[in-house]
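Try each one before reading its solution.

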2 protein chains.
Amino acid sequence: MRRGTEEIPGYSYGLAEVARSTVSVEQLAELKVSAGFTEEDERYLRLAGQVLGDQVEQVVHHWRNDIIASIPSLARHSRTPEGEAIPAYLERSNARFCQWILDTCLRPYDQDWINYQQEIGLRHTSLKKNEVDGVRSSPYVPMRDVIAFTAVMNKTIKPYLTSNGNSADEVEKMHTAWCKSIQIQMALWVGPYADTKQAPKEW
Amino acid sequence: MRRGTEEIPGYSYGLAEVARSTVSVEQLAELKVSAGFTEEDERYLRLAGQVLGDQVEQVVHHWRNDIIASIPSLARHSRTPEGEAIPAYLERSNARFCQWILDTCLRPYDQDWINYQQEIGLRHTSLKKNEVDGVRSSPYVPMRDVIAFTAVMNKTIKPYLTSNGNSADEVEKMHTAWCKSIQIQMALWVGPYADTKQAPKEW
């Protein structure tokens with residue numbers, strides 16, 4: 001996918017070090033039904049992956065530099081507790097952010113994918129945030145911020161989906177598939193938060 | 001809003017019996033920024049409220065009867081533990097579901113609104129599910145199911161937004177505003193889940 005994923009720092013998709021999720025493929029199938037996620041959505045995500053493939057750095061730059069950087073309550077999660085920038089942290093996590101877009105569109109949603117959703121969730125909680133990058137930053141990202149910001153991602157991804165000249169109907173279907181996947185992923189990320197001893201605080 | 005809300009069973013919006021949320025208007029303002037929710041979105045939600053006003057029963061019928069009823073893992077939340085239908089429960093909660101659409105579009109997002117989001121969240125957890133309707137049903141709705149199903153609501157609401165002959169651009173803006181509001185509401189609903197002692201199980 002895109003490039004050797006071994007080049008992405010801290011990206012451990014499919015590796016043995018990623019803990020097995022408590023969610024099974026069967027439970028994910030149920031979740032897909034609840035979200036109305038069908039094989040058509042899978043096909044349109046693949047198409048979205050092709051369209052977004054060359055644009056992921058641009059998309060992540062848009063999210064991080066044009067939006068998150070100007071919202072103090074979000075920007076703090078990639079800064080030191082004193083508010084200083086940590087360029088190496090941003091570079092590493094941006095590389096994973098880019099890959100996450102591709103994984104959303106192009107990976108099969110199998111047990112490895114489920115496991116990595118759990119890992120992503122954990123890396124936003126106090127159990128694992130900052131750990132893989134060895135940085136000193138906010139102790140966790142409140143789940144409310146994660147959920148709220150997906151609204152921005154869902155809205156701002158759409159223009160990028162039009163860039164290959166697909167029909168309005170195809171763009172709409174790619175976008176719908178993307179939005180469904182994001183809800184499914186959030187449903188999975190909530191698990192690690194609920195399992196976190198500090199959950200009430202971390203909300 | 002639509003009709004005397006005192007006619008809606010168990011609907012306690014703005015009443016003293018609704019506990020004050022731990023979330024303040026200032027924290028909601030921060031959440032709105034994180035979701036990219038602006039005054040333009042507020043205006044388009046008002047417009048959506050006008051467009052949806054006469055259609056809310058139809059929308060809720062679509063969600064409940066055409067979709068939820070055919071998904072056992074969701075349908076069980078309005079049935080007895082033995083799987084029997086509870087028509088009176090459905091009727092009451094459908095009336096509130098209709099009003100929720102209107103509240104999403106037409107209410108000011110003030111402290112009363114925040115408090116009622118907490119109440120809605122609680123009524124999906126084991127702390128309060130079934131209580132206001134005095135029914136015997138599933139003990140709670142897992143947060144993952146709530147999040148996943150919002151993908152269905154977001155997708156299926158769109159055609160209803162076109163029914164007043166608004167331009168494609170207006171429909172898109174109404175839909176975007178709706179989707180942002182849903183993410184904000186989910187961010188608020190997660191709080192009661194995190195505060196629930198049974199949180200890990202309820203995920």
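**Exercise 1.** How many salt bridges does the rule find across the interface of chain B and chain A?

*Solution.* Before starting, note that this is a predicted model, in which local features need pLDDT of at least 70 and side-chain atom pairs count only at pLDDT 80 or more, while totals for chains, interfaces and linings use all residues. Residues are numbered from 1 along each chain as its sequence is written, chains are lettered from A in the order in which they are written, and side-chain values use heavy atoms, without hydrogens and water.

Step 1. Apply the rule: a side-chain nitrogen of Lys or Arg within 4 Å of a carboxyl oxygen of Asp or Glu. Across this interface it finds 2 salt bridges.

Step 2. Look at one of them: the side chains of A:K158 and B:E172 meet at 2.8 Å, N to O.

Step 3. Sort the side of chain B that touches chain A: its residues comprise 20 nonpolar, 7 polar and 8 charged (Ala, Val, Leu, Ile, Met, Phe, Trp, Tyr, Cys and Pro count as nonpolar, Asp, Glu, Lys and Arg as charged, and the others, Gly among them, as polar).

**Exercise 2.** Is B:L45 buried or exposed?

*Solution.* Step 1. Recall the cut-offs: buried is under 20% relative accessible area, exposed over 50%, and partly exposed in between (1.4 Å probe, protein chains only).

Step 1. Compare: B:L45 has a relative accessible area of 1%, so this residue is buried.

Step 2. List its contacts (heavy atoms within 4.5 Å). Leaving aside neighbours within four places in sequence, B:L45 touches B:F37, B:T104, B:C105, B:Y109, B:A177, B:W178 and B:S181.

Step 3. Check a separation: B:L45 and B:T176 are 131 residues apart in sequence, yet 9.2 Å apart in space, C-alpha to C-alpha.
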